[in-house]
Amino acid sequence: MPQLTEHPIQRQIIGLALSIFAIVVVLVGIHTGFRSKANQIENQLDNQKARQEIGLSIYQRLFSAKASVFKLSTLDNRL
């Protein structure tokens, strides 16, 4: 190993290779983190859309029930 570091050009090449490797590792880490966060946000968005659809369905059913109750209340029930 001492033979590799005796020459300044070889040291520079090794330093450059290690720097490039470190940069690639950092970029891969950042990319993985962003992808994970994007997936998390997408899952939260899907959950929010599902909640909104459920709420809309409940609202429509309640509105329909209210209309039915109103129609029943206007009927004249003479026995």
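1. Phe63 is exposed, its relative accessible area being 52%, where exposed means over 50%, buried under 20% and partly exposed in between, with a 1.4 Å probe and protein chains only. This is a predicted model, in which local features need pLDDT of at least 70 and side-chain atom pairs count only at pLDDT 80 or more, while totals for chains, interfaces and linings use all residues. Residues are numbered from 1 along each chain as its sequence is written, and side-chain values use heavy atoms, with hydrogens and water left out.

2. The protein chain has 1 helix and 0 strands, helices being DSSP runs of H or I with at least four residues and strands runs of E with at least two, numbered from the N terminus. Of the 79 residues in the protein chain, 0% are buried.

3. Rings of Phe, Tyr and Trp (its six-membered ring) pair if their centres lie within 6.5 Å, and planes under 30 degrees apart count as stacked, over 60 as edge-to-face and the rest as tilted; the count by this rule is 1 aromatic pair. Tyr59 and Phe63 form that stacked pair, with 6.4 Å from centre to centre and 25 degrees between the planes. Because the two residues, Tyr59 and Phe63, are 4 residues apart in helix α1 (residues 8-74), about one helical turn separates them. Tyr59 also counts as exposed, at 54% relative accessibility.

4. Leu27 lies in helix α1 and is exposed, with 52% relative accessibility.
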